[in-house]
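Please read each point with the sequence and the structure at hand.

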Amino acid sequence: MTVEHLATTLHVARPDQLSVSTLYALLRLRAEVFVVEQGCAYADPDGRDLEPGVLHLWISPTGAPEHVLAALRVLPEPDGGWRIGRVVTAKEARGRGLARDLMTGALAEIGSAPCVLGAQTYVRDFYASFGFEVVGEEYLEDGIPHVEMRRVVR
């Protein structure tokens, strides 16, 4: 499927609002990119996708919500803030600004609450464009350099 000129829709759902096939599509995309493409052998389904309070955001072609082009999840943190993670875009959909659309949607859901994320180092400037700042030293996660980032709401 060529996705260059497809109209897309941003979806936001809590775990109990996801169909089985949509959850499968979200997990499949994450496995395709993180486990296969990036070569990180880890158990992506970590038990957090179905926790109360979690938000799943994804972009699909309009009218095909189970064809996931890009996705992320927002987890409630113990301190009352949020953690954005598992930000992923399908190879064939990259370069269309879908990650930016996802982040904009996630931050609209979060509002001014504190928010953190673990960014692959090469995309820290992308997250900085949303008000995130690096906190701490670079670290390796699954062999990929990351930095912890916190959003500063002014």
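1. Phe 126. In this predicted model, Phe 126 has a relative accessibility of 21% and therefore counts as partly exposed. The limit for a buried residue is under 20%, so the value of 21% places Phe 126 in the partly exposed class.

2. The partners of Phe 126. The structure holds 3 aromatic pairs. One of them joins Phe 126 to Tyr 127 in an edge-to-face arrangement, with 5.0 Å from centre to centre and 70° between the planes. Tyr 127, at 7% relative accessibility, counts as buried. Tyr 127 also pairs with Phe 132: the ring centres are 6.4 Å apart and the planes stand at 75°, so this pair is edge-to-face. Phe 132 is buried, as is Tyr 127. Together with Phe 130, the residues Phe 126, Tyr 127 and Phe 132 form one aromatic cluster.

3. The overall fold. The protein has 3 helices and 8 strands. Along the sequence they follow the pattern β-α-β-β-β-α-β-α-β-β-β. Of the contacts with a separation of 6 or more, 62% are between residues 24 or more positions apart.

4. Dimensions and surface. The accessible surface comes to about 8200 Å², and 54% of it belongs to carbon and sulfur atoms. Buried residues make up 42% of the 154 residues.

5. The nonpolar core. In soluble globular proteins, nonpolar side chains tend to be buried together. Here the largest nonpolar core has 38 residues. Those with the most contacts inside this core are Leu 72, Val 74, Ile 84, Met 103, Ile 110, Leu 117 and Phe 132. At least two residues of the core come from each of helix 1 (20–37), strand 2, strand 3 (70–76), strand 4 (82–89), helix 2 (98–110), strand 5 (115–120) and strand 8 (144–151). Leaving aside neighbours within four places in sequence, Leu 72 is in contact with several residues, among them Leu 55, His 56, Ile 84, Leu 102 and Met 103.

6. His 56. Is His 56 buried or exposed? Its relative accessibility is 1%, so His 56 counts as buried. This residue lies in strand 2 (residues 55–61). A polar atom of the His 56 side chain lies 2.8 Å from the backbone oxygen of Asp 49. Not counting residues up to four places away in sequence, His 56 touches residues including His 11, Leu 18, Leu 26, Asp 49, Leu 72 and Arg 73.

7. Arg 30. Arg 30 lies in helix 1 and is buried, with a relative accessible area of 3%. Leaving aside neighbours within four places in sequence, Arg 30 is in contact with Val 35, Asp 44, Asp 49, Arg 73, Arg 86 and Val 88. Asp 49 and Arg 73 are also among the residues that His 56 touches.

8. Two exposed loop residues. Where is Ser 112 placed? Ser 112 sits in the loop between helix 2 and strand 5, and its relative accessible area of 59% makes it exposed. Leaving aside neighbours within four places in sequence, Ser 112 is in contact with Arg 151 and Val 153. Asp 16 occupies the loop between strand 1 (8–13) and helix 1. Asp 16 is exposed, with a relative accessible area of 71%. Asp 16 and Val 134 are 118 residues apart in sequence and 33 Å apart in space, C-alpha to C-alpha.

9. Two positive phi angles. Arg 86, which is found in strand 4, has a phi near 55°, a positive value in a residue other than glycine. Asp 142 likewise has a positive phi, near 55°, and is not glycine. Asp 142 is found in the loop between strand 7 (139–141) and strand 8, where it is partly exposed, with a relative accessible area of 40%.

Definitions and conventions:
Residues numbered from 1 in each chain as written. Predicted model: local features only at pLDDT ≥ 70, side-chain atom pairs only at ≥ 80, totals over all residues. Heavy atoms only, no water. Helix = DSSP H or I, 4+ residues; strand = E, 2+ residues; numbered from the N terminus. Buried < 20%, exposed > 50% of the residue type's maximum accessible area, 1.4 Å probe, protein only. Polar contact = N/O pair within 3.5 Å; in protein donor to acceptor, adjacent residues only side chain to side chain. Contact = heavy atoms within 4.5 Å. Core = buried A, V, L, I, M, F, W, Y, C linked by side-chain atoms within 4.5 Å. Areas by Shrake-Rupley, 256 points an atom, 1.4 Å probe, with all protein chains shown as cover. Phe/Tyr/Trp six-rings, centres within 6.5 Å; stacked < 30°, edge-to-face > 60°.
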